[in-house]
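Visitor: I am new to this structure. Please take me through one part of it closely, then show me what lies around it.

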Amino acid sequence: MGVMAMGTMLADLCRVLGLWRRRWPVLLLAVGVTVVSALAGLALMTLAGRAVSHEVAALSGAAAGGAGLLLLPWLRPLLIGRPGLRWGERMATHAAAFRALADTRVWFFSRLAERLPGGIGHGRAGDLLGRIVADVEALDGLYLRALVPLAAGAAVVVAAALILGAISPLLAVLVTLPLACALALPPLLAPIAARAAKGAAAAEGRLRDAVVDPLAGLEDTLANNAEATAILRVEAAAARLTAAQRGLARRNALAGAAGALLGQGALLGALGFGIAGGEGALWGAVLGAFLALAAAEPFAGLPRAGIAIATAGASARRLFLAADRPVPVPDPVATVAAPAGHALRIEGVRFAWAADRGEVFAGLDMEVPEGAHVALLGPSGAGKSSLIALLTKLAAPSAGRILIGGVDIAGLPAAAVRGKFAVLSQDARLFDDSIAANLRLAAPDADDAALFGALDRAGIGDLIRALPEGLQTRCGEGGARFSGGQVRRIALARALVCAAPILLLDEPAAGLDAAAELAFLATLETAAAGRTVLLLQHRLIGPFRPQKLFRLVAGRALPGLG
Amino acid sequence: MNQALTERPAKPARRRRSGANAARGLLAATARGQRRTLSLAVALGTCGILVALAQALLTARLLAALLGHGAAEWGDLAAIAALVLVQAGLAIAQDRMQTAAGAAARAGLRGRAMAALFAAGPADSRQIGEKASLVIDRIEALDGHFARWLPAAALAILGPLLAVALATWADPLSGLILAVAVLLVPVAMAFTGIGAAVASRRQFAALEALSGRFLDRMRGLPAIVLFRREAAEAGAMAEAADDLRRRTMKVLRVAFLSATALEALFAAALACMAFRHAALLTGGHPDPVAAILCLLLVPVAFAPLRAFSAAYHERSAAEGAATALAPLLATPETHGLLLEEIPPSVVVTFDRVGLRHDPGLPPALEDISFRVLPGESLVLVGPSGAGKSSILRLLMGFSAPSSGRIALNGREAAALRPAEVRRLSAWVGQRAHLFRATIAENIALARPGATRAAVEAAARDARVIDFAKGLPRGLDTMVGEGGFGLSGGQAQRVAIARAFLRDAPLLLLDEPTAHLDPGTEAEVLDSLRRLAAGRTTVMATHSPAVAARFGRVMRLEEGRFVEQAKWA
């Protein structure tokens, strides 16, 4: 792992700490409790050892008797305080870490909403799920398994150095140097473990994809009897994850062994000092030995903090990679005032989704006057979805401009532009929530009567009224509890209930049967009275009589014959 | 024709066991497979404890020597150093064994869980995120049970036992003190552990709700953005995350309590040893080495208990996970007959078929009877929700009729395993799911092992080639989850190509052209007519144009046939 990568990891981890800024007081307080608790543990073992040693020495005539007994009363407060401190330490650190993590989750979601407004696409939903759930959880390792133990360890090293340094600087070096090395191990081990951690995290993401993809397309998988293929794929991905985890566990074990060795090294240093030294070395060595014994337990696990740092680093990198994509259409720095009107005008718009894909629009010109009902006809793939993306600032044209109420939308913030539209896109999804909650997405303050009004206009009000739970019926994931046509109508009601002045309807009647389609189009004119309607269809049928008609041909809109 | 549906009996269903028992049964059965690896890990751990005891003895002797009881030698220090090295080596070997046991225990469970989810099919209404969490997170949570809990539990008995034995040899009363302290540890843990198991299940429920919600919202992100509800949704997300935090803290509050009891017992044992030996020494201690040794034995005896305490939390997490997994994995193996070979043609007969999903709701289908012969097409029309899709789902084995019977070539369809029923048919739904793979791989899904030429022929028949030509890598272009990059109509044509490649005697079409424009629709219908030639076809549609081009039309309303007309 290069210096560059290490620098990136450090920068990522600092950025994670920055995201937690709001929680710093709680996080620091918890570290404080941990330090006090660690010092209490040190005092307990050292005091008990000192007391017994003193009497052992007295027995051989090396010290005056009874001095050790005088130390014993000091054990009592430690006896009570240490377990309580230990519990408080863990509760405080975990509570603080979880608060910080909740902030991270929300931050990540908001960033993605801003950067992937058009949907997940190639970004792999399964992998993203893994990112927010597993990677955010891995970040707690940075605090709980790295920063907190390192702070406690540092406090122990400083305390031991101060106590032993008062007796003999050499003794202080012999005991605290191995401990300080154990303290330095995590940052040194982190880059080595980082590669393994990255591999393990990526393997888990791939496993999640292998699991989610066939489940998302469950019917297609089953209909093609592709279960066995999907299971083989999951097992192969699981085997790769296990191999990656094994590599990580191996490094973990080595780090643990190194920590144990260094802890015991401190004990050996104290004992060696005692054997070698003459007068005065005796008490120093005994004190050093018991300090080392007390430190052995917290220090044994310390080098594993390196793996925690590495894991958190890898997770942070993946989180930031997803969260740092460019905003597809950044809001302009200087925005102009939102227009009062909402007449639409498209002038010479050119657009392609990617440089290597053909142009969807090659000089599109169109006008939709305020309050007009306009139909735009074109076969699938002619650019109807692209036009919605351009109008709602999910994408920006490479040339030309789009005006609302006479104002170029390039100068308006995306939220102001989207506020002008109520959109029913071809892939409009319902959320696994109640019908009411799904509709209130479009109109948060609408009352039940307004919701039913919209449902009636979409031709599904009676069916919802007949449901035992009515508006509170849950829709299931993607509206799975309803038929395709019913989902479409609820999505349509969601667009109708929205108060925005322009209705943008992409194949609103797809999935409806012919009778329902006719009925819907017949009511559309009254349902959308006073509002602008832009209807995107592949054909025009029945009673809807647009004031204007365009046909999308070869990336241009040609005025059609009404 | 009938003999083509020859049957061979499948394994009988396994019996279902109840909740916690089933969870423990699952863990025990899995542990049995790892007995050798686990025993080896425990043996290595025991060796490590013996070395630690020897090291404590040598250290005590050296300290006593320093304090004036005998001569302190460098050789003793070297012996201690050697023991330290041996112990480190043993620890690494033990860790490796435990990791191997955990990995081997989880292997295979994922495949079984996926198979069970497939067997449950669309009838399992859980969210995809929740299902994914079962297959991944729950099974991951089992790791701790095998890799840490089981070896730690064995060593937590052996380790303290050995330490107590050594302490008793040094000073019987110290041995008793240590024995009482270590015996109280499991008592305290059992007391706090019961609550932890319950709380752990709740925490998992919260984690799953969070995963499910996130995936659901990410899939519909455009709707959230277009209605400018990003901030509100982020707020709801924060609430869900906060809920998870509260639940997790509840689990930890109890889990930490058991660790705290351990800490208190450790401090008490240490203090008792100090009081005991300090008092003994002022009266002229019979053995000063024993005094220091007893003190050093306290951390040695408690080290395996600390590992046990850390793993205890994993045990309740694993049990929580196993409770959720056990019903899934114990789902009786789908029984039914297997097809020996796919018959060249199928006659579909519905005889007074009724279907009721929920006793509180009106039936989805009532008294449906029809027969479709090879080469014939039955077109189902009717308003949405009338039951068209229900008939197709019955033919796909996703549900079974609540009354009446469905016969394939005169044999009861219910006698076949659902997956076997599906082997008879090719299906094109309303919205094709494109898997994260190339277009060619997406088509080949229908018939594993199909040659490239066969895939290309199917792509040509379904007019996939027409648009694939314009893509950067033709049929080898990657298409994403949910079919990114292809329009709805294009994705649909890939699904039709699958049906061509599959070449099954029964063709099930669920509004296959619902999202196509008239030009494409006409082209695809031509392809479908060629595909339907000689096969038995059942199709649901809204489009009169479609109905007009296929054979017999039957109209459904509220789950019943209302008319039967031949549209010319």
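Visitor: Which residues are buried in helix α14 (residues 448-457) of chain A?

Guide: One point comes before the answer: this is a predicted model. In helix α14 of chain A, the buried residues are A:Leu451, A:Phe452, A:Ala454, A:Leu455 and A:Arg457. Their cover includes four helices of chain A: α13 (435-440), α15 (461-466), α16 (484-497) and α17 (514-527). After α14(A) comes A:Gly459. The phi of A:Gly459 is positive, near 75°.

Now step back to the domains. For chain B, the assignment gives domain 1 (19-329) and domain 2 (348-566). Here, too, the C-alpha centres of the two domains lie 53 Å apart.

Next, see where the chains meet. On chain B, 128 residues are in contact with 135 residues of chain A. On the side of chain B that touches chain A, α9(B) gives the most, with 26 residues. By class, that side of chain B has 73 nonpolar, 34 polar and 21 charged residues. The model scores ipTM 0.81 and pTM 0.74.

Then look at the packing. The largest nonpolar core holds 398 residues. Inside this core, B:Leu297 and B:Ile443 have the most contacts. Helix α9 (residues 230-282) of chain B gives the most to the core, with 27 residues. Take B:Ile443 by itself. Leaving aside residues up to four places away in sequence, B:Ile443 touches B:Val455, B:Ala458, B:Ala459, B:Val494, B:Ala497, B:Arg498 and B:Leu501.

Chain B also carries an annotation from a record. An unreviewed UniProt entry marks "transmembrane region" over residues 40-68, 74-93, 149-170, 176-199, 254-276 and 288-308 of chain B. Two of these stretches can be followed in the model. Residues 40-68 of chain B are 93% helix and 0% strand. The end C-alpha atoms of residues 40-68 are 43 Å apart. Residues 288-308 of chain B are 100% helix and 0% strand. The end C-alpha atoms of residues 288-308 are 32 Å apart.

Two loop residues of chain B deserve a stop. Start with B:Glu511. This residue sits in the loop between β9 (506-510) and α17 (518-532) of chain B. Phi of B:Glu511 is positive, near 45°, and the residue is not a glycine. Is B:Glu511 buried or exposed? B:Glu511 is buried, because 27 other C-beta atoms lie within 10 Å, and 20 or more count as buried.

Now take B:Glu558. This residue lies in the loop between β11 (552-557) and β12 (560-566) of chain B. B:Glu558 also has a positive phi, about 50°, although it is not a glycine. B:Glu558 has 15 other C-beta atoms within 10 Å, so this residue is partly exposed.

Last, a word on confidence. The mean pLDDT of chain B is 83, and 91% of its residues reach 70 or more. Over residues 1-17 of chain B, the pLDDT is below 50. Beyond near neighbours in sequence, that stretch has 37 contacts in the model. Where pLDDT is low, the predicted coordinates should not be read in detail.

Methods. Residues are numbered from 1 along each chain as its sequence is written. Chains are lettered from A and ligands numbered from 1 in the order in which they are written. This is a predicted model: local features need pLDDT of at least 70, side-chain atom pairs count only at pLDDT 80 or more; totals for chains, interfaces and linings use all residues. pLDDT is the predictor's confidence in each residue, from 0 to 100. Two residues are in contact if their C-beta atoms, placed from the backbone, lie within 7 Å. A nonpolar core is a set of buried Ala, Val, Leu, Ile, Met, Phe, Trp, Tyr and Cys residues joined through C-beta atoms within 7 Å. A residue is buried if 20 or more other C-beta atoms lie within 10 Å of its own, exposed if 12 or fewer, and partly exposed in between; C-beta atoms are placed from the backbone. UniProt positions are given in the numbering used here, feature names are shortened, and annotations may be inferred rather than shown by experiment. Ala, Val, Leu, Ile, Met, Phe, Trp, Tyr, Cys and Pro count as nonpolar, Asp, Glu, Lys and Arg as charged, and the others, Gly among them, as polar. Domain bounds come from an automatic or database domain assignment.
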